[in-house]
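Here are some notes to read alongside the structure. Have it open and go through the points in order.

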Amino acid sequence: MGLIGGGPGSFIGRIHRIAAELDGEARLVCGAFSSSPERSREAGEGYHLPAARAYPGYAAMIEAEKALPADERMDFAVIATPNHLHFDPARRCLENGFHVVVDKPMCFSLDEARELKAIVARSRRLLAVTYTYSGYPMVKQARALVAAGRIGAVRKIYVEYPQGWLATGLEQAGQKQADWRTDPARSGAGGAIGDIGTHAAQLAEYVSGLRIAQIDASLNTVVAGRRLDDDAAMLLRFENGASGVLFATQVAAGEENNIRIRVYGERGGVEWQQADANSLVLRMIDAPVQVLRTGSGYLDPIAAANARTPPGHPEGYLEAFANIYAAFYQALRDHERDPGIDVRDYDFPNVDDGLHGMAFVDTVVRSAQSDRKWTPFA
Ligand code: NAD
């Protein structure tokens, strides 16, 4: 793999490197780790790469890797840069024959996302989007229970994503991650809604198996001087008529990363939260509450296949991330034999999910600006 982003002091690029290598199926062989050639070189040393494979920029990396013998060059590139720098490296990789893993939100704008979908189709390469939370085994268990009809037809979905790290004007103090996330020229039309609201929406749709059909949203900017929303709340209507509530906020002072979902059907409900990621609460209308646990023999095969350790040996964020990679690698292997595979047969978020996430941000922003109660989300 090649890594674009993940330079000194960055957040998620380094997580990608660990997750992608966790099962020993891939190895970091090159990167363009920073917009500064000097810092990219420094990062390459930190990743123990030969100096020649720590490139001064992603365009140079793609050209140079393409010129290497097939058994030496990278097979795919991971894009972990700020949102305005997803589309161009993704396009260049795909057009030069490389598969892509890109972090969410997939692009800067909905227009870019539509174009990227067309490029993926033309290039016949694979693209994965790392909606991390759908990688957790107990989230997959929840999805399997709902799909099997265990809780009956879904009626209510509550999904929440409170963080507190932007409760102060961190960007005004020059904090790097806050700086680009609150800048409309680098983050996109959404602040918190793009950064974490997209995760919440994807989780709700993944667990319920239902698409959001309509949104009535409110976007707030709580911290003075901030240029994008840092707090979002909305009512949802799902395609089957179920109703829901989604909130995503980065100003819930004291919260870490407390994403949580509850889905209720006619006969019961499931509840999962990242703070207790190895448990899934199952409530049935006529039975005591059950707590299902990762690694246990009674789980659905999809939950079992996405766990690495026995019960009581906790798994977490890195493993959830690695599960997305594992599904992507299976698709890559199959794609080598048959470039006509259907990516919908694989359990990783693909370019359609990435496009859907960008359409979500667009719809929420339009809904928040509109006086109408419901804004359709197609
Ligand atoms: P960050 O600011 O910590 O890191 C960005 C990295 O990109 C830095 O190393 C920076 O030097 C590098 N970079 C900037 N311009 C570059 C260029 N032209 N060429 C090469 N590298 C360049 O940001 P982050 O918090 O790691 O976020 C990066 C992306 O990952 C964002 O799109 C964000 O939404 C996403 N993200 C996803 C998750 C998740 O759970 N899936 C979590 C955090 C961030």
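1. A word on labels: helices (H or I, at least four residues) and strands (E, at least two) are DSSP runs, numbered from the N terminus.

2. Some ground rules. This is a predicted model, where local features need pLDDT of at least 70 and side-chain atom pairs count only at pLDDT 80 or more, while totals for chains, interfaces and linings use all residues. Residues are numbered from 1 along each chain as its sequence is written, and side-chain values use heavy atoms, with hydrogens and water left out.

3. Leaving aside neighbours within four places in sequence, Arg-211 is in contact (heavy atoms within 4.5 Å) with Glu-205, Phe-238, Glu-239, Asp-353 and His-356. Phe-377 is 166 residues away in sequence, yet its C-alpha lies 9.0 Å from that of Arg-211.

4. Next, a helix pair. The axes of helix 1 (residues 12-21) and helix 11 (residues 317-337) come within 8 Å and cross at roughly 60 degrees (axes are lines fitted to C-alpha atoms over the stretch in contact, and angles run from 0 to 180 degrees between N-to-C directions). Helix 1 contributes Ile-12, Ile-15, His-16, Ile-18, Ala-19 and Ala-20, and helix 11 brings Tyr-317, Leu-318, Phe-321, Ala-322, Tyr-325 and Tyr-329. That contact divides into 11 nonpolar, 1 polar and no charged residues (Ala, Val, Leu, Ile, Met, Phe, Trp, Tyr, Cys and Pro count as nonpolar, Asp, Glu, Lys and Arg as charged, the others, Gly among them, as polar).

5. Which element gives the largest share of the lining? Helix 7, with 5 residues. Strand 1 (2-5), helix 1, helix 7 (176-181), helix 9 and helix 11 each supply at least two. By type, the lining of this pocket splits into 19 nonpolar, 20 polar and 9 charged residues.
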